[in-house]
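Open the model in your viewer and keep the selection panel at hand. The stops below say what to pick and what is there.

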Amino acid sequence: MLLSELFRTATFRLTLAVVAAMIGTAALQFSLGYSQTKTFEFRRSDALLHREADLLSHENAQDLEHKIRERATDDLRVVINEAGLFDMAHRYVAGDLRVWPDGLIADGRVRELTVWPTEDAPYVLRILAIPVEGGRILVLARGLHMLDEWRLMMRHSLLVSIVPTVLFALMTGIVLSHRALARVTVMHEAIDRIMEGDLHERLPSGRGRDEMQRLAGSVNRMLDRLEHLMDEIRDVGNDIAHDLRTPLARVRARLDRALGDRALGDALSADDLRSVVGRAIDDLDQCFSIITALLRIGEIENARRRVGFAVVDLNEIAADIVDLYEPIAEAKQIRLDLLPSTGPVPVYGDRDLLIEVLANLIDNAIKFTDPGGEVTLGMVRQGDGARLEVADTGIGIIPEERQAVLNRFYRSDKSRHVPGSGLGLSLVSAILRLHNASLTISETRKQDARPGALFGVVFPPSPPTVSASA
Amino acid sequence: MSVRTMNASSRSDQDIAGKEPGGREPSGRDTGGKASRPRVLLVEDDGKIAQEVAEELESRGFRVRHAATGPEGLSIGVTGGFDVMIVDRMLPELDGLTLIETLRGRQVATPVLVLSALSAVDDRVSGLKAGGDDYLTKPFAMEELAARLEALMRRPNNTRETMLRVGPLAMDLIERTVTRDGTEIDLLPREFRLLEYLMRRPNQVLTRNMLLEDVWNYRFIPQTNLVDVHIGKLRRKIDEAGGPPLIQSIRGTGFMLRAPE
């Protein structure tokens, strides 16, 4: 594992951010502490200077001068670092402060001044000057060396503590990044295996619930779904092959038989030959109908545009469809009823495609209903949308199969003997998806003997801009 | 089960009709003695399909002239002299629809059948808008193509006359009654509509898709033999028991209303 790779990991970057935050926090803490301490120290110095100046100002001139001279050896030196006595013209009289500092005014207020002694480095003093008896000025000063010491100490301890902390954080970051990188590498390898075609491979998701494992879990669920879809596609392929193979095998057998008979010298009559060819064409037509329906489904599923869409009246379409299918129902002795709604039932859709939906649903209902049964078509406005129902009294669809019948080629075992491409309902569901309409299957339960199937379609409200754009 | 039965019944009818090779010879529009065989201009870039179509149409008695590109089709098309044109929608250099529009702009009124690999509704509509007279989606059966060409070449009998007559049948378009040899036949409105369509196109092969599209205005391929059932019901009403059927089934193609000789 390359070090540069390690440094690029999100974990390591996070560590760097944490380290920066730590340093920042420490610096902030230090500067806040320093400014607090400084304020406190100033206030204390100023109070001390005032108190001392107050005491000294009550002495008479001689005593004061004496005290200032003595002060150099006094204990007071610890508190008042420097003192001096000057005359009104700021000339030195006594004390260890020998030069009147620049900018000092004898007004009884503490000032912060930098003094520049000739032989030493400049230093900062809190300094107070007050006029006293005998036309003199008393100057008292306190240095800030305590504060400087404190600052030095704090800075030192800060450095001592921050360096190992930062190093420790960086080490932790490297270790954690290494672990994260190792887990990602394992996932990469798993993904590579999947991409090479091993669809059963899954990412290691572990038992924990951290974010990586949750992500791995999500990816695994996605892979499950994809694998399922792939299986479905494979199944569809197999189904197509099977459904095409059956009629094609029949064609081949018929033609083969016709040819074989002739080879035996037993020539078929023109009529027999014609009937063999006719049946072969029927079987080929069935193959064509399957292929046409498949292409149609593909075309509808790929249709992103809704060019042919307009507001159409379901009631009108239904009346036409019933007119078209009535003779078929009649021939099977099935009653085909239209329950007309009280007014128009407008939906937003493609007229030709909606006709196809209704035709397929009615066709399907008639196919799976026994003679003597009935098929009912009804529709109502539902809010701004519409609901359409096709009910029959046929064999019905058991709940477990209700989703499956919408899949391509699904044929319930009960319906194996019924002719058809097996694609009618897939076509219906593809068209309804394009219309954002939902299809539900339940049972009619009109007659006790047969459950019957009830196909309910709910159309969404038509968009309000329709009439303007149409 | 009864679906099967219906198929069987229609099959027997078809078998009867199949014995006579009906509708094999295109009668064509009256070409004024110039040529007895109708002339077709086929503009199609796919060589394989073009060859197949040309051979099939030649065998059916058409004379086919083939153009492989749009500009070629245009230059041949404007010379006129064709009874019908087949134009593929997608052509190199010059799109099929533009070709038709250009021809129409130059006063070429020859009927055009548009061929397309696309069947979306808007494609059909735009094809017809551009001046095409009919629209056929690939893949198609040759019988379908031939029947539609036939239909394009013959104008349906849309006369102002209020009586249509084919053989023993007479249809009064105002009274909306139908008689056979003077005996009135009771027809449902949908049966009347279907018979009217047939009577306006006597002796002409009409495919199931043509009937669905033109009589019912539907553009889908039904799972059941819808058209056969409707024709069957109509036959039972207009045919004499034991007599030859007026509506004949054309094997693998469709139906034809033919007056008995």
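Select chain B. It has nine helices and twelve strands; helices (H or I, at least four residues) and strands (E, at least two) are DSSP runs, numbered from the N terminus. This is a predicted model: local features need pLDDT of at least 70, side-chain atom pairs count only at pLDDT 80 or more, and totals for chains, interfaces and linings use all residues. Residues are numbered from 1 along each chain as its sequence is written, while chains are lettered from A and ligands numbered from 1 in the order in which they are written.

Stay on chain B. Of its 261 residues, 38% are buried (20 or more other C-beta atoms within 10 Å of the residue's own; exposed is 12 or fewer, partly exposed in between; C-beta atoms are placed from the backbone). Take the chain B contacts (C-beta atoms, placed from the backbone, within 7 Å) between residues at least 6 apart in sequence: 63% join residues at least 24 apart.

Next, pick strands S10, S12 and S11 of chain B. They form an open antiparallel sheet in that order. Strands count as paired if DSSP finds at least two bridges between them. S10 (206–207) and S11 (247–250) are the edge strands of chain B; each has a single partner strand, so one side of each lacks a neighbour in the sheet. Two bridges join S10(B) to S12(B), residues 254–257.

Move to chain A. Select H7 (residues 314–331) and H8 (residues 351–367); their axes come within 10 Å and cross at roughly 35° (axes are lines fitted to C-alpha atoms, for helices over the stretch in contact; angles run from 0 to 180 degrees between N-to-C directions). Now click A:Leu358. Leaving aside neighbours within four places in sequence, A:Leu358 contacts A:Ile317, A:Ala318 and A:Ile321.

Of its 109 residues, A:Leu314, A:Ile321, A:Leu358, A:Ile362, B:Val40, B:Val43 and B:Val87 touch the most other members. H8(A) gives the most to this core, ten residues.

Last stop: A:Ala430, in helix H9 (residues 424–434) of chain A. A:Ala430 counts as buried because 23 C-beta neighbours lie inside 10 Å. Draw a C-alpha to C-alpha distance to A:Ile300: 6.5 Å, across 130 residues of sequence.

Key: Contact = placed C-beta atoms within 7 Å. Core = buried A, V, L, I, M, F, W, Y, C linked by C-beta atoms within 7 Å.
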